[in-house]
Amino acid sequence: MDLMEFEARTLFEEGGLPILKGMTVESTDQIEGDFHFPVVVKAQVMTGGRGKAGGVRLAADETELKKVASEILGMKIKQFTVQKVLIVEKADIQQEMYLSILLDRNTKKHRIVFSPQGGVDIEQTAQSNPELIFKMDIDPLLGYNSQDGIYLADKAGLTGDLKKEFAALVGKLYGVVKANDCLLAEINPLITTQDGHLIALDAKISVDDSGIFRHSRLVEYKDAHTVEPLVREAAQYRFLYIPCDPEGNVVIMSNGSGMLMSCIDHITRHGNKVSAVLDLGGGSTADRIEHGIRILFQTPGAKILFINIFGGITRCNEVALGIRNAIENQKIEKPIVVRFEGTNKDEGLKIIEGLPCVIWADGLIQGEEAVRRQLQ
């Protein structure tokens, strides 16, 4: 999960990293406090290119601040609507650097990536001047060594107390990574100010989805990011609901991302479109499957459901019971193409035999063909 900038700033602040004074608001009525103008107003959306889209602007005084904030709030940046803006005091920049710590899955170690030249052109620096990108692994048993930070500070030309401050900052960033199951924590730019201090001017964090449950704050962030009502409702049953093509008319239920992708490939290959898919995960019972069917048929445009299950932990008879219960309790009348294999398949077949609107398919290809016939 990627965090928004204001969320990442909160984790930075809790970890002791130096950040500028700021606040996040959803309306101009929430703007309060004594700012040292000028300030920067930054759109909070999960995409890049905010500045080029007009989502990052300066304000010279309180009147201009409210005007700029009101113009950014509600604007569209790519496919995202700006619902929050971050207001921070403008920095007095002497030098821009780049610093990140990421999890390298190949080495199974955290890696420090540093460049004395940061800012929006860091990608260009990596291509044109790769010698200015320094990488250093952190031994998971020994942890971060401040001497490594001193070495990187030398590469940036930092001296005296600023060198020690930099080495300590790298250690604090590593602490944030470890404390929050981060896959990436990035500061771009990390600046030195005219009065000789370091400031994390921007904040970017990606966290490991499998570790979110261990952190109540990250759970709140994930819930806040989930604006699609059906995604949120499916998550309550421990399902993964993924919207696909808004023009689609087929919805798919399966247990596993590989099976879902196979279903999507076969259906779209023959001209039909998938509006949403739902991954049951493992061990789904009849009552949960009933809710999964209900949720999928709430997808706008859904005309037919294709259920493709490999019965292991999730048993075929439970799938069949869920289908029957959904038809009876949720008054489902739209066609459901069903294919399952595995544990208790024969019992499952007896349960769905004769059910109205259920079409049995003996394989994935046969299931796609049945879907296609129903939509003709």
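Visitor: Glu 247, is that buried or exposed?
Guide: In this predicted model, Glu 247 counts as exposed, with 61% relative accessibility.

Visitor: Which side chain does Glu 247 meet in a salt bridge?
Guide: Lys 273, at 2.9 Å from N to O. Lys 273 has 36% relative accessibility, so it counts as partly exposed.

Visitor: How many salt bridges in the whole structure?
Guide: The search finds 14. One of them joins the side chains of Asp 154 and Lys 163, at 2.7 Å from N to O. Asp 154 is partly exposed, at 41% relative accessibility.

Visitor: What about Arg 372, which side chain does it meet?
Guide: Arg 372 meets Glu 368 in a salt bridge, 2.9 Å from N to O. Both sit in helix H12 (residues 364-375), and because they are 4 residues apart there, about one helical turn separates them.

Visitor: Glu 368, buried or exposed?
Guide: Buried, at 3% relative accessibility. Arg 372 is partly exposed, at 25%. Elsewhere, salt bridges with shared partners join Glu 5, Lys 42 and Arg 50 into one network.

Visitor: Where's Arg 9?
Guide: Arg 9 is in helix H1 (residues 5-14). Arg 9 is buried but has no salt bridge.

Visitor: What is the nearest side chain of opposite charge to Arg 9?
Guide: Glu 5, which is 5.7 Å away. A salt bridge needs the nitrogen within 4 Å of a carboxyl oxygen.

Visitor: So what is Arg 9 in contact with?
Guide: Beyond its neighbours within four places in sequence, the contacts of Arg 9 include Ile 19, Leu 20, Leu 86, Val 88 and Ala 203.

Visitor: New topic. Which residues touch the most other members in the largest nonpolar core?
Guide: Phe 12, Leu 99, Phe 166, Ile 187 and Ile 205, out of 39 residues in that core. Helix H5 (residues 160-179) supplies the largest share, 8 residues.

Visitor: Which residues does Ile 187 touch?
Guide: Leaving out residues up to four places away in sequence, Ile 187 touches Phe 12, Leu 17, Met 97, Leu 99 and Asp 202, among others.

Key:
Residues are numbered from 1 along each chain as its sequence is written. This is a predicted model: local features need pLDDT of at least 70, side-chain atom pairs count only at pLDDT 80 or more; totals for chains, interfaces and linings use all residues. Side-chain values use heavy atoms; hydrogens and water are left out. Buried means under 20% relative accessible area, exposed over 50%, partly exposed in between (1.4 Å probe, protein chains only). Helices (H or I, at least four residues) and strands (E, at least two) are DSSP runs, numbered from the N terminus. Lys and Arg count as positive and Asp and Glu as negative; His and the chain ends are not counted. Contact means heavy atoms within 4.5 Å. A nonpolar core is a set of buried Ala, Val, Leu, Ile, Met, Phe, Trp, Tyr and Cys residues joined through side-chain atoms within 4.5 Å.
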